[in-house]
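This report goes through selected residues and regions of one protein chain. Please keep the sequence and the structure in view while reading.

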Amino acid sequence: MVIGKMEADCVAAYFGGKNILITGATGFLGKVLVEKILRVQPGVTKLFLLVRATDDKSARKRVQTEVTGREIFQVLREKHGMGFEDFIEEKVCPLAGDVMYKDFGLDTAKLEELSKDVDIIVNGAATTNFYERYDVAFDTNVLGAKQICAFANKCTKLKMLLHVSTAYVCGEQEGLVLEKPFMMGDTLREGTHLDIESELNLIKHAQMELKANCATDKAERKTMKELGLKRARHFGWPNTYVFTKAMGEMLLGHLRGDLPVVIIRPSIITSILKDPLPGWMEGVRTIDSVFLGYAKQALKFFLVDPDTIMDVIPGDMVVNSMMVAMLAHSEEQAQTIYHVTSSMSNPASYMTLRESAHRYFVDNPPRGENGEPIRMNKMRFFSTVARLRAYMVIKYKLPLEILHLFNIVLCGVFSRRYNELSGKYRLAMHLIDLYAPYTLFKGRFDDMNLEKLRKAKEQNSDGGEYNFDFDPKTIDWDKYFYMVHFPGVLKYLA
């Protein structure tokens, strides 16, 4: 690690003259990173953005629509005025490709040029659906990491590979979760051994069977989703997403050789705290779907222990830590893992979230279709799955069964209604199973490595353009939720 004070100007200066390959730029975190680099260091040589597209023209259109055309670029757009589009054209190079393919599917000439130019690789490409098809999640989260590593080893002047993972690769571990790497074959269930090649063969075999049986698209999706969940839980992970992200980390550690690798493990990423657009976000996270449901009074209860620590971190803090880590570990032949989290240094409970949300809506009541304010009741929390299941049975399952009996007696008059409500009930119970490992999570993420990184960088306290703060101790959670996050969710996600 670069020792001594790393002032904000030093961090910004590091990116001057650099060529950076970024995957996952169309995602929330990717946009925040691209915007920040371009704003604080207009002297960056080129940002190569690898996006899924049929050709470079389509890739350029997608970047214009899904990245540089978004609200988060408004500060940069105002800064450059009429020259904004020319600036983007000069600095941003969209590439049509996919991390799951060898050499990303790029042609030989483009690959050779890229491998000679690239100084830094940021791999943010991922599928984050908890209940994703196993083949889809494996392609991006596992094979993607393998292909990134293979390409990185071809880059002649590469200074750093930064990989974005998730803190929840730890599964449902309780107590202190350390910033330590996975070794090949590691699992979270005693007595099991994970062979990644065998998992790939299992996927291929399942695909062949589905094809041989002429399975419908719907049946294929269901089978592959269930396979992913089954394999994840067999090895001790709660869902396909974190299972495949853990395998991706294993491959990076195994294949990196002497490459300088940093793995960033954020917890639940929330809206931007300060820089450049407070409250801005994309993609509904768990806590935001709950908040939006509560705003409409459509969701009156939730599975969560109110005293449980809710580990969240604003998106701009994650990006700031990534940029400082790139400087700190440039050309360092080691692998370093950072938990970009808040549960150790500044924990916030779900009770804080509930109280902040209730106070926000008392002061800013939502209105119904008639224009009248909606009366807001506090959300009811269930602290165990068993209690919520019992409530669901009494409140919903028993009335469903009564409707089923009436339907039989009346020769199927209520069949359509019964099937619709029964489907919703099954979905609700499925979501309870998927989200329980997070809303009832009992672990706390050790952030000693991140604390060392903070101490190696002198904080820039003025919150200006060159702010690289990533210390959650500076956050007043109640104030952040009430004044920044909740208004942002309603503005950008509702």
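Ser-321 has a relative accessibility of 0%, and because buried means under 20%, Ser-321 counts as buried. This describes a predicted model. Ser-321 belongs to helix H12, which covers residues 315-328.

Not counting residues up to four places away in sequence, Ser-321 touches Ile-264, Val-340, Leu-450, Leu-453 and Phe-470.

## The nonpolar cores

The largest nonpolar core contains 125 residues, and Leu-38, Met-322 and Met-326 have the most contacts inside it. Helix H12 supplies the largest share of this core, with ten residues.

If neighbours within four places in sequence are set aside, the contacts of Met-322 are Leu-29, Leu-33, Val-122, Leu-162, Val-164 and Ile-264. Ile-264 is also among the residues that Ser-321 touches.

## Lys-91 in helix H5

Is Lys-91 buried or exposed? Its relative accessibility is 8%, so Lys-91 counts as buried. Lys-91 is part of helix H5, residues 84-91.

A polar atom of the Lys-91 side chain lies 3.1 Å from the backbone oxygen of Pro-42. Apart from neighbours within four places in sequence, Lys-91 is in contact with several residues, among them Leu-38, Pro-42, Gly-43 and Val-44.

## Confidence in the model

The protein has a mean pLDDT of 90, and 96% of its residues reach 70 or more. In residues 459-464 the pLDDT is below 50. That stretch has nine contacts in the model beyond near neighbours in sequence.

Note on methods
Residues numbered from 1 in each chain as written. Predicted model: local features only at pLDDT ≥ 70, side-chain atom pairs only at ≥ 80, totals over all residues. Heavy atoms only, no water. Helix = DSSP H or I, 4+ residues; strand = E, 2+ residues; numbered from the N terminus. Buried < 20%, exposed > 50% of the residue type's maximum accessible area, 1.4 Å probe, protein only. Polar contact = N/O pair within 3.5 Å; in protein donor to acceptor, adjacent residues only side chain to side chain. Contact = heavy atoms within 4.5 Å. pLDDT = per-residue confidence, 0-100. Core = buried A, V, L, I, M, F, W, Y, C linked by side-chain atoms within 4.5 Å.
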